[in-house]
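Please read them with the structure open.

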Amino acid sequence: MKIPQTLIQHPNFKHFFTVNHPLVLHKLSILRDKDTDQQAFRDLVKEITTLLVYEVTRHLTVETISVETPLKVMKSPRLSGKTPVILPILRAGLGMVDGFLSLMPTAKVGHIGLYRNEKTLKPVFYYFKIPKDNAQRCYYVCDPMLATGGSAVEAINRLKQEGIRDITFVCLVAAPEGVECLCRAHPDLPIYAAALDEGLNADSYIVPGLGDAGDRLFGTS
Ligand code: PRP
Ligand code: URA
């Protein structure tokens with residue numbers, strides 16, 4: 001049996017990975033459908049995020065502890081190091097938090113508020129709250145959409161200004177323009193996506209994409 005490889009490294013961007021798992025591909029197709037309603041959209045964002053998190057957390061380190069099973073005492077691995085932080089980019093990133101927490105229930109959750117000015121396309125910063133003790137703490141910045149890359153670059157800039165270096169970016173749909181922008185600004189940043197789409201339209205929306213992720217998650221615009 002040929003074992004399929006689910007994590008695909010992009011040939012031009014060595015830190016950019018897409019997750020090529022049949023469940024991810026299937027759920028993403030339903031997510032993209034304009035007739036998928038708000039409740040299903042929310043559930044799917046959570047489910048796809050959970051599947052991505054399984055791949056994204058491969059680098060976490062473990063230590064050996066002693067565990068007493070009903071039959072004997074054994075040496076067994078458990079996660080080591082400081083509790084990680086999930087940092088959703090408001091608003092749409094909030095939709096991914098429960099997917100992270102379903103596999104990492106003890107993670108801390110920070111928040112960064114950024115929205116894209118629809119005329120200039122530049123990110124507008126409005127909120128930032130993260131834990132205080134960040135030495136050796138890893139951060140997962142999440143946002144369903146990586147379009148021009150402006151919002152993601154700004155979020156990572158803010159973390160680096162705080163001295164945080166162990167950062168991973170996780171999105172659902174990426175545009176090549178956004179990946180290039182983020183890789184140029186932060187060349188060592190690992191970036192994970194469920195899909196890399198064709199590109200941006202004249203309004204800098206991802207094509208084919210899934211529309212406005214925040215609006216579809218929350219029913220507001
Ligand atoms: C969307 C999306 C990203 C950003 C991506 O948020 O959730 O944060 O746009 O675009 P970029 O890569 O070109 O910066 P939006 O600014 O619409 O804010 P919202 O989540 O509050 O709707
Ligand atoms: N923000 C979204 O929600 N969707 C896009 O396609 C681009 C930015």
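1. How many nonpolar, polar and charged residues does the shell around ligand 1 have? In this predicted model, the shell comprises 6 nonpolar, 4 polar and 3 charged residues.

2. The residues surrounding ligand 1 number 13. R91, R116, D143, T148 and S151 are the closest.

3. A polar side-chain atom of D143 is 2.4 Å from a ligand 1 oxygen, and a polar side-chain atom of S151 is 2.6 Å from a ligand 1 oxygen. For A92, a backbone N or O atom lies 3.1 Å from an oxygen atom of ligand 1. Taken alone, ligand 1 exposes 500 Å², and the protein buries 92% of that.

4. Ligand 1 takes up the space of the largest pocket. Two or more residues of the shell around ligand 1 come from each of these elements: β7 (111-116), β10 (145-146) and α4 (150-161).

5. A separate point concerns D37, which sits in the loop between α1 (22-32) and α2 (38-56). The D37 side chain reaches the backbone nitrogen of A40 at 2.9 Å.

6. For a sense of distance, take D37 and R137, which are 100 residues apart along the chain. Their C-alpha atoms are separated by 37 Å.

Technical notes:
Residues are numbered from 1 along each chain as its sequence is written. Chains are lettered from A and ligands numbered from 1 in the order in which they are written. This is a predicted model: local features need pLDDT of at least 70, side-chain atom pairs count only at pLDDT 80 or more; totals for chains, interfaces and linings use all residues. Side-chain values use heavy atoms; hydrogens and water are left out. A residue is near a molecule or strand if one of its heavy atoms lies within 4 Å of it. A polar contact is a pair of N or O atoms within 3.5 Å; within protein, one must be able to donate a hydrogen and the other to accept it, and residues adjacent in sequence count only if both atoms are side-chain atoms. Accessible areas come from the Shrake-Rupley method with a 1.4 Å probe; for residues, only the protein chains shown count as cover. On a 1 Å grid over the protein atoms alone, a cavity is a set of points where a 1.4 Å probe fits but cannot get out, and a pocket is an open set with protein on both sides within 12 Å along at least five of seven lines; lining residues have an atom within 4 Å of a point. A molecule sits in a cavity or pocket if more than half of its atoms lie within 2 Å of its grid points. Helices (H or I, at least four residues) and strands (E, at least two) are DSSP runs, numbered from the N terminus. Ala, Val, Leu, Ile, Met, Phe, Trp, Tyr, Cys and Pro count as nonpolar, Asp, Glu, Lys and Arg as charged, and the others, Gly among them, as polar.
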